[in-house]
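Open the model in your viewer and keep the selection panel at hand. The stops below say what to select and what is there.

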Amino acid sequence: MIWIGTVNVRFLLASVLILLPLWSPASSDTDKLTETAAQSDRAPEIERVFQRVRNGDAEAQHLLGSMYLYGQGVEQNNELSTRWFRSAAAQGHVAAQGALGLAYYKGIGVPVDNKEAAKWIQKAASQGDASSQYNLAILYGRGDGVAQDHAEASRWYDEAAQQGHADAQVILGNRYRHGIGVPHDYSQALEWYLKAANQEHPDALLAAGSMHMRGLGVRRNVTKGLEFIRKAAMRGHYHAQYMLALSFESEEMGGPKDMTMACAWMLVAAENGSAEAQDELTRCRAVIGPAEMELAEAAAEQIRARISQ
């Protein structure tokens with residue numbers, strides 16, 4: 001339980017764990033590909049891809065790798081996917097280099113090899129591919145395939161963040177907030193959170209809300225903080241939903257006390273995975289009683305409907 005001035009704020013800002021994204025690949029030898037194309041309602045379009053592949057077109061090879069990875073127009077095949085990514089990557093195709101690196105990192109069609117993964121991801125990152133810059137930052141942060149180096153990780157997060165990569169912006173904000181690989185700087189942290197929040201990134205909205213409520217890097221503003229938290233809650237972020245529920249429990253949190261709405265948001269947060277909200281539900285039922293709990297359940301249903309829109 002964290003107290004902010006006179007305000008009881010049990011704020012839980014989870015560390016952001018963002019996995020390496022999946023890429024789009026797919027492939028088989030050209031005879032089988034032609035046969036598959038003939039059976040598809042997209043046969044002419046797929047056949048054109050095959051023809052370009054036969055002519056050594058790197059872009060088509062990358063597309064074919066993607067088709068095999070996801071089984072789009074061809075039978076799903078990880079080995080063929082990676083084979084065509086490798087062919088395109090060898091010709092300098094940036095996206096294929098990043099995809100090949102991810103294949104080695106995740107063991108998709110090839111054995112896991114972090115050094116080989118880092119080599120190909122580095123090639124794509126060095127040519128300005130934002131996703132690969134983000135992935136390379138993860139490798140440096142974890143020490144996978146490269147020596148762990150938080151300063152280098154932060155540098156590559158910055159490269160991706162400067163290109164508008166929202167996940168990179170959030171993690172860079174976290175790093176400035178906690179001084180990991182960069183100087184400790186709340187103002188810089190908030191700046192990056194706000195950039196990602198402008199893209200409706202739920203973690204960024206929650207972090208920006210936390211910063212405003214605690215007065216970190218900005219003048220303390222509980223009302224504005226709750227606005228960010230409400231947006232994150234409506235984007236399905238269960239920590240934000242839990243925090244919003246708490247805001248209805250006390251007028252000190254910047255709004256009117258409303259235990260029915262507090263319990264409604266607790267129900268939504270608990271269903272979405274908040275252990276804290278699950279614990280609070282027992283208290284909710286004891287405080288408001290069965291009749292009001294029915295109202296809370298009806299309000300929770302309305303909230304779910306708005307979130308799903």
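**Salt bridges**

Select Arg-54 and Glu-47: their side chains meet in a salt bridge, 3.2 Å from N to O (a side-chain nitrogen of Lys or Arg within 4 Å of a carboxyl oxygen of Asp or Glu). Arg-54 is partly exposed, at 37% relative accessible area, and Glu-47 is partly exposed as well, at 26% (buried is under 20%, exposed over 50%, partly exposed in between, with a 1.4 Å probe and protein chains only).

This is a predicted model, in which local features need pLDDT of at least 70 and side-chain atom pairs pLDDT 80 or more, while totals for chains, interfaces and linings use all residues. Residues are numbered from 1 along each chain as its sequence is written, and side-chain values use heavy atoms, without hydrogens and water.

Next, select Lys-119 and Glu-116, a salt bridge with its closest N and O atoms 3.0 Å apart. The two residues are three apart in helix H6 (residues 114–126), so about one helical turn separates them (helices are DSSP runs of H or I, at least four residues, and strands runs of E, at least two, numbered from the N terminus).

Move on to Glu-271 and Arg-304, whose closest N and O atoms are 2.6 Å apart in a salt bridge. Glu-271 lies in helix H14 (residues 259–271) and Arg-304 in helix H15 (residues 275–308), so the pair ties together parts 33 residues apart in sequence. Then select Glu-249, Glu-280 and Arg-283, which salt bridges with shared partners join into one network.

**Whole chain**

Zoom out: the chain has 15 helices and two strands, and 50% of its 309 residues are buried.
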